[in-house]
Structure formats: structure tokens, C-alpha cells
Amino acid sequence: MDVLTVERVADHVALVTMRRPETRNAVDVAMAEAMDRTVKRIEADPDIWIVVLTGEGTQAFSAGADLKEVAAGRLDDLYTVDGQFAGFVKHPRQKLWIAAVEGYALAGGCEIALACDMIVASDSAIFSLPEVKRGLVAGAGGIYRLARTLPRNIAIEMVATGGRLPAERACHLGMVNRLVRDGEAVAEAVLLAGEITANAPLAVRESVAVTRQALDLDDDTLFELGLEAQRRMMRTDDFQEGPRAFLEKRPPNWQGR
């Protein structure tokens, strides 16, 4: 069985599934390498606008690094040049990724979810960075992405205690976009993706690119980036199509160019 699969589940929407359920979808070398290749392939595919990322089964989204690989001295092999841990957490990506979380998202699995742009979680989903319990540091982005996602004090508590954050509270605190019944995370994530693909893909991409930097740059810089994004959109076919479709009272036919 492939450790990672990709399938088209709706117009312009791909579903990427981590498939090592016997290890709670823990990341081994094969999965990290497959993810790295998959991200690059998706970025190069103009027909894919949104990606839903999930783990096989309802027990876990991912338990993070496979400890058998770690014990065998292959921890560094779980990091790729472009994507770093799991071939994903630092990969340059223009496409939007939605994590569909069922069950546990632990350690590196939580960091993978945090590296996505949005999270849809089931009622029983649990998020945790338990690295400090093992004398480790959540070095794949979790210790700072958590603080950008949650209130600072809550993030510090999670990092310092290694405690667990249930999905319902994560949703209340703004970490989870949508909370659904168990078994429905992927379906809801695909619905969310469909709401996004109804919009002009280049406009979404340009807008999200600026939004992703909102906590890192000052207002003047962000304002200029927004203006530059608008100027680029004005040179596209979709910039003309949006107002034309509105005036003609029909759905727009986005071309992505």
C-alpha cells in the first residue's frame, strides 16, 4: 500500500491521504519523500487550486515522527531540503491546504496540521505538542505557529506542559475553522474547498499570500503588498470576467490567468 495517495475529489480539489494507519499515520522516510514530491507536483498543476490533507482512518491524523525511524538514527531523513519535516512543514506553497483532522494530531502531526492554512476537525480530534515530556523540542514549526494561532498564554501552556487540546476548545480559541461529527472531517473540508474554488483562483492566491504574512510585516509593507497584488490581478483575464459576469447575472467562468 502506498504511504501517501492523491485523488481528485471535486473540481480543482485534491485529497492527499497519509496512509500508515497501523502507526497512527506516523511519518517515516518513505512518507516524507512522497510528501515532498507530492507538494511539488501539486504546485506545478494549474488544475489543482485547493488541497485537503488527512490521515487514513479515524484514530489519528498523524502521530508525528515514526519512533522506529528515530531509534534507528534516521531522524534527519524525515526532513527534506525543501519541505523540512515530513517533506511539508516549510515547503513553499501557493496553493491552499486544509487539514482534515480525525483523532490524534500529536507532535509532528500537530505541526503538519498547523502548517496548513486551515483546519477542519472532528469532535474527537486532539491536538498536542508533547515533545517536552520526552526531553525534545517541537522543532518543525509548532512552537511558533501555535502562538500565532492561539492566545499567547494558551500556547505557552500547551508547549510547556505537553498537554492536549480537544477539538471543541481548539475551535472556540480559533485554531480550528470548522468542527464536525466524527468521520465527517474530510467531507466538510471538501465543502470548504468548494466554497473557495467558487472564487477567482488568482485573486484567492494573491490575497492569501498577503494574509499569510500579516503577523510578520508592518502595516505599510502589507499595504504595498496588497496594492502590488491588485495590480497583478488587473492584468489577468479573471479581473475582467468577474465584473462582466456580475453585470450579465451569470456565474463567472474563471480561467486562472
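Which residue is the bridge partner of Ile 98 in E9? The partner is Met 118.

## Basis of the model

This is a predicted model, in which local features need pLDDT of at least 70, side-chain atom pairs count only at pLDDT 80 or more, and totals for chains, interfaces and linings use all residues. Residues are numbered from 1 along each chain as its sequence is written, and side-chain values use heavy atoms, with hydrogens and water left out.

Helices (H or I, at least four residues) and strands (E, at least two) are DSSP runs, numbered from the N terminus.

## The six-strand sheet

Six strands form an open sheet with mixed pairing, in the order E1-E2-E3-E7-E9-E12. Two strands are taken to pair if DSSP finds at least two bridges between them. Strand E1 (4-10) and E12 are the edge strands, each pairing on one side only. From one strand to the next, the twist averages 20 degrees.

Helix H7 (residues 185-197) packs on this sheet and touches E1, strand E2 (13-18), strand E3 (50-55), E7, E9 and E12; contact means heavy atoms within 4.5 Å. The direction of H7 makes about 160 degrees with that of E7. Axes are lines fitted to C-alpha atoms, for helices over the stretch in contact, and angles run from 0 to 180 degrees between N-to-C directions.

## Strand E9 and its neighbours

Strand E7 (residues 96-101) pairs with E9 in the parallel sense over four bridges. Within this pairing, Ala 99 has Ile 119 of E9 as its bridge partner. E9 is also joined to strand E12 (residues 178-180) by three bridges, and these two strands run parallel. Here Val 120 stands opposite Arg 178 in E12.

Strand E9 (residues 118-122) is largely enclosed by the rest of the structure, because five of its five residues are buried; buried means under 20% relative accessible area, exposed over 50%, and partly exposed in between (1.4 Å probe, protein chains only). In a regular strand the side chains alternate between the two faces of the sheet. Met 118, Val 120 and Ser 122 point one way from E9, while Ile 119 and Ala 121 point the other way.

## Helices H3 and H4

Helix H3 (residues 108-115) packs against helix H4 (residues 142-149) at an angle of about 50 degrees, with the axes 10 Å apart. H3 is therefore oblique to H4; angles under 35 degrees count as roughly parallel, over 145 as roughly antiparallel, 65 to 115 as roughly perpendicular and the rest as oblique. The contact brings Glu 111, Leu 114 and Ala 115 of H3 to Gly 142, Arg 145, Leu 146 and Thr 149 of H4. By class, this contact has three nonpolar, two polar and two charged residues. Ala, Val, Leu, Ile, Met, Phe, Trp, Tyr, Cys and Pro count as nonpolar, Asp, Glu, Lys and Arg as charged, and the others, Gly among them, as polar.

H3 is mostly covered, with eight of its eight residues buried. Among them are Cys 110, Glu 111 and Ile 112.

## The four-strand sheet

A further open sheet has four strands in the order E4-E8-E10-E11, with mixed pairing. Its edge strands, each pairing on one side only, are strand E4 (60-62) and strand E11 (164-166). E4 pairs with strand E8 (residues 104-106) in the parallel sense over two bridges, and Ala 60 has Tyr 104 as its bridge partner in E8.
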